[in-house]
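Okay everyone, thanks for coming.

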Amino acid sequence: MAKIYKFLFFIALLFSFQLSHGQELKVEGYFMQDSAKIGEKVPYVLKAKYSKGMNVVFPDSTFDFSPFVLLEKQTFMSSTKEGITLDSAIYYVSNFSLDPVSNFSLPVFEVMKYDSLEYYPEEASLTLKLLIDPLPEQLLFKDNNIYQILPKSFNYPLLIAVIVCLIIIILVLFFFFGDAIKKQFQTWSEKRKYKRFITKWEKAEKTFASRPDMDGADELLGLWKTYMEHLKNRPFREWTTIEISEFLENKEIIKDFREIEMIIYAGKKGQDISQACRNLKGICAETYQQKITQKHERK
């Protein structure tokens, strides 16, 4: 009885195997160009048509693409018509073989419960495109007696020597004249800062004279305190008017400040704003001259 069951099981298994393989699966593969240079990116198209119910898988990056190298894979949505499904993919590969013609074929896998089958299309051929024309059997030489000017190579040792000499000269100059050069640079820098201050001050003073308001008064006093802070290296912007007058030993400056500050605190225009602006500007000019003179005396 057991032998009969085994025989029937074998017959059923054989029948199901034949039935599953009676289904159709057609594979097509081809290159989208006939020839390519070494390392050039070439598209290879792989298509599979199969009946409903078949589990078909295309190769992925783990597959051996020799003699080609896989660069990229592009897949497309499956389409089914009248029970036949079409799957397709484009594999972008590069050829690094020196063979004149390289043959290539990618399989499609039918995955079953305990096994899988491979379906290969016909091999596609790719011809190697050479960049250098083959040499003729007999070389022909052409006489040419015209003088050809050959470009001279750049003299890097001479350039390095010149740079080293310049560095040595600069170091020597700084060693003997470094202090004088530094003081000259500081004087030049102070003159530039003074010119910038005068330009800003005259512009702000002109604007304030034509339209005396709180913003103009703030800008004038801010310019003056900022520049004096630079000249004296003291916190003029944090000091009160009394503290500034005591530091400069100039009590008249209090009156000049009051002329401008009346706009800020009382909203009234002072009696002689122009004179106050000239006095404050004169203090900056005098302090600037003192600083320049001190720098020259130290030389």
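One term before I start: a polar contact here is a pair of N or O atoms within 3.5 Å, where one has to be able to donate a hydrogen and the other to accept it. And keep in mind that this is a predicted model.

So, with that term in hand, look at glutamate 110, which sits in strand β9, residues 108-111. What does its side chain make a polar contact with? The partner is the side chain of tyrosine 119, at 2.7 Å. Glutamate 110 is buried, and yet it has no salt bridge. The nearest side chain of opposite charge is lysine 26, and that's 15 Å away. If we skip the neighbours within four places in sequence, glutamate 110 is in contact with several residues, including Leu25, Met54, Asn55 and Leu117.

Okay, salt bridges. How many does a search of the whole structure find? It finds 6. In one of them, the side chains of lysine 41 and glutamate 72 meet at 3.0 Å, N to O. Lysine 41 is in strand β3 and glutamate 72 is in strand β5, so this pair ties together parts that are 31 residues apart in sequence. Lysine 41 is partly exposed at 43% relative accessible area, and glutamate 72 is partly exposed too, at 38%.

Then there's glutamate 229 with arginine 237, where the closest N and O atoms are 2.6 Å apart. Here glutamate 229 is buried, at 18%, while arginine 237 counts as exposed, at 52%.

One more: glutamate 261 pairs with arginine 258, at 3.0 Å. Those two are 3 residues apart in helix α5, so about one helical turn separates them.

Now the nonpolar side of things. The largest nonpolar core has 29 residues, and the ones touching the most other members are Trp201, Trp224 and Leu280. Helices α2, α3, α5 and α6 each give two or more residues to this core. Zoom in on tryptophan 201: leaving out residues up to four places away in sequence, it touches Leu220, Leu223, Trp224, Cys277, Leu280 and Lys281. There's also a second, separate core of 22 residues, with Val27, Tyr50, Met54 and Leu126 among them.

Last stop, helix α4, residues 241-248. Thr241, Ile244 and Ser245 are buried there. Why are they on the same side of α4? Because they cover an arc of only 95° around the axis. And just after α4, glutamate 249 takes a positive phi of about 55°.

Notes
Residues numbered from 1 in each chain as written. Predicted model: local features only at pLDDT ≥ 70, side-chain atom pairs only at ≥ 80, totals over all residues. Heavy atoms only, no water. Helix = DSSP H or I, 4+ residues; strand = E, 2+ residues; numbered from the N terminus. Buried < 20%, exposed > 50% of the residue type's maximum accessible area, 1.4 Å probe, protein only. Lys, Arg positive; Asp, Glu negative; His and termini not counted. Salt bridge = Lys/Arg side-chain N within 4 Å of Asp/Glu carboxyl O. Contact = heavy atoms within 4.5 Å. Core = buried A, V, L, I, M, F, W, Y, C linked by side-chain atoms within 4.5 Å. Arc of directions from axis to C-beta.
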